[in-house]
Structure formats: structure tokens, C-alpha cells
Amino acid sequence: MDDMSGPYLIRGSVSLPEAELMWRFSRSSGPGGQHVNTSDSQVELRFDLASTEALPEVWKARALERLASRLVGGVVTVRASEHRSQWRNRETAAVRLTALLAEATAPPPKPRRATKIPRGINERRLRVKKQRSETKRGRQGRDWG
């Protein structure tokens, strides 16, 4: 297996081990002319999320929960077939997988704290609203227009 862009970093110092990535190549539909009938340019990249040791336990639990609908037996699968070259499809698939895992392992966002609207802002809003209604009321007379 030729080395591509090296280790696939997810976040920080955590990366996907090349040994745990399962690659499968098949014929791709789409552009390519006669060449497309003979070359296996579609790439399917599989990663066994359930049994990996590469991710911290917290991340792994988070990813398993968030990607539950995408997993088949604990394995996450990513496909790429938009390029004519297998090598570029491999790059695309790897990037997709790392992005997917980075998003799935991200810490949950901090809960929003409700804040009070400053009195000045509220008063200004009501004042502008009143002016607007006065303007419109002034247009209601029979002789206007």
C-alpha cells in the first residue's frame, strides 16, 4: 500500500491508524470513457469504530452514539467516486472519513445562557414602533393620497 498523505489527523494528536482502514475498490459510474470500464476507481473506505483502540474512550462513545444510523455492525463506511483517478478518490474518502469522525467526536456545545435584554434597547424598540404606528395612522385620513 503506497503512503498517501500520511496519518489522517482527526483532532489534536489523535489520528486514524492506517492498519485499521479497510479499502475496497470497484468500478465507478460516471465520466471516464472506455477507461472507466476497466479501472476500479470507486473507493470504499471502512473503519471499525466499535473495536478501534485509536480513539479515546469518551470520543469513541460519542461517535458511536452520533453515527448510530450510519454504522453497520460498528463499522462506518465512506464512498468516493467523483474523480477519475483511484488515488484522488482515496484521498477524498480519507478526508471525508476524518471530517466525519472529527464532527462526531467533537464535544457537545456549551448550553446557552439566557440573558436579559437591556432596558435601553427595549425602550428604543418600543419608541420606534410607536413612531411607525403614528406615521401609518396619519395616512388613514380620507383626504390623504
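View 1. Three strands line up in the order 3-4-5 with antiparallel pairing; strands pair here if DSSP finds at least two bridges between them. Strand 3 (21-26) and strand 5 (75-80) are the edge strands, each pairing on one side only. From one strand to the next, the twist averages 20 degrees. Helices (H or I, at least four residues) and strands (E, at least two) are DSSP runs, numbered from the N terminus. This is a predicted model, where local features need pLDDT of at least 70, side-chain atom pairs count only at pLDDT 80 or more, and totals for chains, interfaces and linings use all residues. Residues are numbered from 1 along each chain as its sequence is written, and side-chain values use heavy atoms, with hydrogens and water left out.

**View 2. Strand 3 meets strand 4, and helix 2 packs on the sheet.** Six bridges join strand 3 to strand 4 (residues 42-48) in the antiparallel sense. Look for Ser26, which sits opposite Gln42 of strand 4. Helix 2 packs on this sheet, touching strand 3, strand 4 and strand 5, and its direction makes about 140 degrees with that of strand 5. For such angles, axes are lines fitted to C-alpha atoms (for helices, over the stretch in contact), and values run from 0 to 180 degrees between N-to-C directions.

**View 3. Trp23 and Phe25 pair up their rings.** Rings of Phe, Tyr and Trp (its six-membered ring) pair if their centres lie within 6.5 Å; planes under 30 degrees apart are stacked, over 60 edge-to-face, and the rest tilted. That rule gives one aromatic pair. Trp23 and Phe25 have ring centres 6.5 Å apart and planes at 5 degrees, so they are stacked. Buried means under 20% relative accessible area, exposed over 50%, and partly exposed in between (1.4 Å probe, protein chains only). Trp23 is buried at 14% relative accessibility, while Phe25 is partly exposed with 29%.

View 4. Thr98 belongs to helix 2 (residues 86-105) and counts as buried at 11% relative accessibility. Contact means heavy atoms within 4.5 Å. Leaving aside neighbours within four places in sequence, Thr98 is in contact with Tyr8, Leu9, Ile10 and Leu16.

**View 5. Leu101 and Phe47 sit in the largest nonpolar core****.** A nonpolar core is a set of buried Ala, Val, Leu, Ile, Met, Phe, Trp, Tyr and Cys residues joined through side-chain atoms within 4.5 Å. Of the 24 residues in the largest one, Leu16, Leu21, Trp23, Phe47, Leu49, Leu97 and Leu101 touch the most other members. Helix 2 gives the most, with six residues. Leu101 lies in helix 2 and is buried at 0% relative accessibility. Neighbours within four places in sequence aside, Leu101 is in contact with Ile10, Leu16, Phe47, Leu49 and Leu67.
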